[in-house]
Every structure is written in C-alpha cells, then in structure tokens.
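Subject: Structure handover

Hello,

Here is the structure I promised to pass on. Please open it first, then read the notes below.

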Amino acid sequence: MTMRASNHYHYRHLQRYIAAGGLALIVALAAVIGSVDSNTSFRVCFGLLLLTLTAAQLKLAVDLYKHRNNLQLQLFQPRSLSLLATAGAIATIASYLFAFPDYNATCALRQPIILTSITFIGNILIGRAWRIGSIIGSTATFAASGDEIDAVGAARLKVMNALSTLSQPGRYVSSGGREKMGRNFGIRRAITFADSIFVVMVLFVPQVVLQIVNLSVPSLRINSVEMIEDEGGLTCESEAGSYVLMMGIVLALMPFAISLLINIQSKSKGVPDKFRELDQIAASMTSSFLMLLATLPAAGMIGQTQPNAHAYLLAASVLSFVLRMSYNIAQARLQNITMSTGLSGRNASSKQATSRRRQTNQTKTA
C-alpha cells in the first residue's frame with residue numbers, strides 16, 4: 001500500500017470516528033434536553049444540538065466544494081449541492097429561534113429565514129434537474145416523436161421550456177448582449193452553472209417578496225405577545241393570523257412538486273436515470289410527512305403551556321425535512337463518489353504493489 005493510499009485509509013477511519021462521536025453527542029444532548037427544567041439549560045443544550053447539526057451540514061457543503069473538480073462528481077453539479085447543504089444549515093440554525101418566544105425580533109425572523117431556506121433548497125433541485133435535463137436529456141426529447149410523448153412528458157417539456165425562457169435574460173446579460181433573446185438552442189445546449197443559479201434566483205423572488213412584505217407590514221409581522229389565559233406566558237402571534245404563513249408554506253412546497261415532475265420517468269425519458277433524483281426527493285418528503293404527523297399535532301396540543309417542548313417539536317418538524325434532503329441527495333452523492341474513488345485508488349495501489357513484487361521476483365530469478 002502506497003503512502004497516499006495509506007493516508008486515505010486513515011483519513012476515512014478518522015471521518016468515521018468523528019461521525020460516531022458527533023452522533024453520540026447528538027443523542028446525549030437530546031437526552032439532556034428531555035430532563036432539564038430551566039429555560040436557560042434548555043436553550044444551552046438545544047443550541048448545542050442545533051449547532052452540531054449545522055456544523056455537520058456546513059462540513060458537507062465544504063467537502064462538496066472541495067471535491068468540485070472530481071470528474072465523477074462534476075456530473076452531479078457539486079457547487080449546487082454545496083449550496084443545498086448550506087441552505088439546510090441555515091434552516092437548521094434558524095430553528096433555534098423557536099426557543100425565544102419572548103422577543104419580537106426572534107418571532108419575526110424565524111418564519112422568513114426558514115421558509116426562504118427551504119424554498120431555496122427546492123429551487124436548487126429544479127435548477128439541477130433542468131440543467132442536466134437540458135444538456136443530456138435534450139437529445140432523447142428531440143428524438144422522441146409526438147406519439148411517444150405522454151401527458152407527463154408533455155407537462156415536463158412545458159416546464160423545461162418555461163425554465164429555459166426564464167434563463168434567457170441572464171444569458172443575455174452575461175454575454176454582454178451577444179446572446180439574443182428568444183434564441184432556440186437546439187439539441188446541443190451549453191447550460192452553465194450561472195444559468196442554473198439565475199433560474200434558481202428568479203424562482204426565489206415570490207417567496208422573498210412575500211417575506212419582505214411580512215416583515216415590513218406591522219399588521220402581518222409576527223410579534224411576541226402575552227397570553228391572557230396563562231400567567232405571564234409569551235407566544236409568537238400575528239394580528240393577521242396564519243394566512244401569510246400558509247402562503248409561504250405553499251410557495252416553499254411548489255419547487256419540490258416541480259422537481260418531482262421533472263424527475264418522473266415517462267416514455268419520453270427526460271432526465272437520464274443516473275441523474276434522476278425522484279426516489280431521493282420522494283423519500284425525503286415522505287419521511288418528513290410522517291414526522292410532521294407526530295410533531296405538529298403534539299406541538300398544537302401542548303401549545304405554549306410547555307414552551308420548551310413546543311420549540312423542540314417545531315424544530316424537529318423543520319429538521320425532519322432539511323436533514324433528510326441534505327443526507328439523501330448531497331451526502332449520498334458525495335459518499336458514493338468518494339467511496340468509488342477510494343476503492344479505485346486502493347485497487348491501483350494494489351496493482352502497483354503486485355507489479356513491483358513480480359518485477360522483484362523476476363530480478364531474483366534472473
């Protein structure tokens with residue numbers, strides 16, 4: 001085994017030890033949170049728990065960016081995956097604001113930060129699927145006859161064309177006016193990372209506008225108010241009710257529905273099977289939905305009579321979604337590539353060692 005392969009082997013083991021230690025810390029903090037009584041102790045343990053999960057996602061984002069030049073990983077757009085993990089980390093640490101219902105600022109900021117982060121994750125999934133579908137899947141789409149395109153394929157094609165239209169202003173600006181608006185790119189399309197990010201940001205606008213209005217209009221803004229039925233208890237409420245929250249949730253879920261449509265397999269193929277992430281997105285949404293069936297009713301029944309338990313359940317609702325997305329999509333892609341790279345490196349080292357031993361034996365025989 002060469003020095004490089006040996007270092008890679010020890011590095012992999014070190015990563016496993018760190019992951020095991022982090023998991024043990026998370027379990028210990030979760031156990032401590034259930035036993036503390038004071039608000040200060042709960043906030044400290046709760047903050048450490050979220051900080052650990054945030055650090056894990058940021059490390060994932062850094063690792064993806066560090067391996068961005070890996071030829072195998074480039075096919076899965078590591079820079080977009082790094083942004084996805086970063087958005088998940090922002091939503092994770094923003095869940096800490098649930099533990100502070102006694103401040104107007106924390107009440108007002110938690111909804112915009114979390115919903116915009118989740119919306120950004122969904123938009124990243126759309127941008128990645130649109131880019132790879134336009135580059136690789138376009139030949140299959142152009143080659144398919146009208147009879148071969150079913151209803152799902154037709155709907156996907158309309159979505160892909162709409163996204164391509166959204167990208168044209170960005171291409172026009174980035175090319176200094178050389179790229180004409182409304183140009184048909186044909187089968188050979190050069191969709192860059194900047195093009196996909198421009199589409200992501202355009203799709204991001206409705207949620208951002210809604211949250212800016214939410215923060216700017218006093219009657220819509222969520223503030224800390226004292227509950228009449230509880231002695232001195234505080235909660236976060238808005239004079240307008242939950243209408244803005246419901247609109248924000250709908251805007252946050254729409255990108256995931258669109259990404260599912262783009263990734264669905266049909267007669268017209270669309271996104272190639274190797275890059276299709278339908279199963280990962282569906283599994284993440286399903287597990288999150290099952291978790292929400294437990295956490296949201298429990299949070300509603302507890303109310304603000306137990307503010308610490310209420311904050312923990314709301315944070316668990318957010319984490320059940322963003323952590324699954326980070327693991328099922330970003331972490332899975334990175335792990336598969338690094339494991340295959342490490343395996344190929346060890347195989348190459350083994351072949352080199354075998355070759356050297358064979359040469360040595362031949363020399364001794366001679």
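A search of the whole structure turns up one disulfide, meaning a pair of cysteine sulfur atoms within 2.5 Å. The model is predicted: local features need pLDDT of at least 70, side-chain atom pairs count only at pLDDT 80 or more, and totals for chains, interfaces and linings use all residues. Residues are numbered from 1 along each chain as its sequence is written, and side-chain values use heavy atoms, with hydrogens and water left out.

**The disulfide**

Cys-107 is joined to Cys-236, with an S to S distance of 1.9 Å. The pair ties together distant parts of the chain: Cys-107 sits in helix 5 and Cys-236 in strand 2, 129 residues apart. Helices (H or I, at least four residues) and strands (E, at least two) are DSSP runs, numbered from the N terminus. The link is left-handed, with -60° about the S-S bond. Both Cys-107 and Cys-236 are buried. Buried means under 20% relative accessible area, exposed over 50%, and partly exposed in between (1.4 Å probe, protein chains only). Cys-45 also counts as buried, because its relative accessibility is 13%.

**The cavities**

There are three cavities of 30 Å³ or more. On a 1 Å grid over the protein atoms alone, a cavity is a set of points where a 1.4 Å probe fits but cannot get out; a pocket is an open set with protein on both sides within 12 Å along at least five of seven lines; lining residues have an atom within 4 Å of a point. Grid points are joined across faces, edges and corners, and a volume is the space filled by probe spheres set on the points.

The second largest cavity has a volume of about 40 Å³. Its lining includes Cys-236, Phe-98, Arg-110 and Leu-314. Strand 2 and helix 11 each give two or more residues to this lining. Helix 11 gives the most, with four. The lining divides into six nonpolar, three polar and one charged. Here Ala, Val, Leu, Ile, Met, Phe, Trp, Tyr, Cys and Pro count as nonpolar, Asp, Glu, Lys and Arg as charged, and the others, Gly among them, as polar.

**The second largest pocket**

This pocket has a volume of about 1000 Å³. Of its 36 lining residues, the closest to the centre are Phe-98, Leu-245, Ile-249, Leu-296 and Leu-314. Helix 10 gives the most to the lining, with seven residues. By type, the lining holds 22 nonpolar, 12 polar and two charged residues.

Best wishes
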